[in-house]
Amino acid sequence: MDRRSLLKTALALGVLGPTPLWAANSPAAAESADDLPPLSGELTVYLGRGEGGLYDDIVAAIRKRNPDLDLKIRRAPSAALANTLIAESKAGVRRADLFWSIDASSLGAVAKQGQSTPIPAAIQQHIKPNFRYEQWAAISGRLRTVAYNPTRVTPAQLPTHIMDFADTDLKIGWAPAYGAFQSFVTAMRLLEGEERTREWLSGVKRQAKSYAGELGVVMAVARGEVDVGFANHYYTLRLKKGKPNANVELALTEGDAGSLVNSSGVLLLNDSALARNFLRYLLSREVQSFLASQAYEIPMAADVALPEGLPGKIHPPEVDLTRLSDLQPTLELLRETRVL
């Protein structure tokens, strides 16, 4: 069964699983698409690129289920769409009803402009408590990890804190021009301070090899070009799905930027019932299960299983994801240290 058929089946039947949480208070159970009102009318969504077409499959499934929905999708990188929305706001123009971004930093940048409407409590109650934000709804999580080649390094040789990688002899792969990496460094700035982050970048640079994207980082680890690589968790899980014998495994650091859980999410730019109900579809049990099983992302709704192969004992740092939009100082650090 291909992934679009799988999602169609999920929307029809529902998929259940255990609910791992990082907070003590459980959210309300995820809604089923069968219990949601039909979508009817015109709706425009600005959708950040990503996930190899999986988000397009979700859009296609929602359209098929709601034939009276006139859904217009504008696709571009999340950062580019954020800049477009900011420019439209300054010009007094509003073309989008929702902004669906693959990165919290883009959501924060647009929210700062005062364009969004608060997420209703009735929707927030279905999101894991640690990821509830007033101005945007978390849809799925992406965990920072250390991918390593078990033929070149053992888990015992890996530092348990991300800052210690600057003082090792390990060959490291990274993707400094990639948005996820820049959000990770922004989190490091917030947690460790600018000076320690500068020292970390300079230290890692001495043994680092740069790649265009984080899939490239993980593939380089598997080939043995480098010992370890910094990347979001799903790149390794997707590679292992296609190549189960690939020489790459996942390790986690503890309570620091190296175990950051960033989030894709949605801003409501129009406080209409149609916009709110479209968001409810994205948080439905069926769509959340599809994202977990096919995109290997961390579901944000209850009663949905984590992706297979995710490392246990996740200890993410306490970071307000809305602050990841403070990207300019990070870019300045990356240029100053000649990482970019």
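This is a short tour of a predicted model, going from the whole protein to single residues.

**Stop 1: the whole chain.** Start with everything shown as a cartoon. Turn the view along the principal axes, and the C-alpha atoms fill a box of roughly 60 × 45 × 35 Å. The radius of gyration is 20 Å, which agrees with the value near 20 Å that a compact globule of 340 residues would have.

**Stop 2: under the surface.** Hide the surface again and look inside. Of the 340 residues, 56% count as buried. How far apart in sequence are the residues that meet? Among contacts between residues at least 6 apart in sequence, 81% join residues at least 24 apart.

**Stop 3: the largest nonpolar core.** Select F99, W200 and L279 and show their side chains. Within the largest nonpolar core, which has 105 residues, these three touch the most other members. Strand β4 gives the most to this core, with seven residues.

Stay with F99 for a moment and show what surrounds it. Leaving out residues up to four places away in sequence, F99 touches Y46, S78, L81, A82 and L85, among others. The list of F99 contacts also includes S106, L107 and V110, as well as G265, V266, L267 and L269.

**Stop 4: helix α9.** Select residues 233-242, which form helix α9. Which of the α9 residues are buried? They are H233, Y234, Y235, T236, L237 and L239.

**Stop 5: two positive phi angles.** Most residues other than glycine have a negative phi.

- Y296 sits in the loop between α11 (285-294) and β10. Its phi is near 60°, a positive value in a residue other than glycine.
- R338 lies in the segment after α12 (328-336). Although R338 is not a glycine, its phi is positive, at about 60°.

R338, in contrast, has a relative accessible area of 67%, which means it is exposed, over the 50% cut-off.

Methods: Residues numbered from 1 in each chain as written. Predicted model: local features only at pLDDT ≥ 70, side-chain atom pairs only at ≥ 80, totals over all residues. Heavy atoms only, no water. Rg over C-alpha atoms; globule rule 2.2 N^0.38 Å. Buried < 20%, exposed > 50% of the residue type's maximum accessible area, 1.4 Å probe, protein only. Contact = heavy atoms within 4.5 Å. Helix = DSSP H or I, 4+ residues; strand = E, 2+ residues; numbered from the N terminus. Core = buried A, V, L, I, M, F, W, Y, C linked by side-chain atoms within 4.5 Å.
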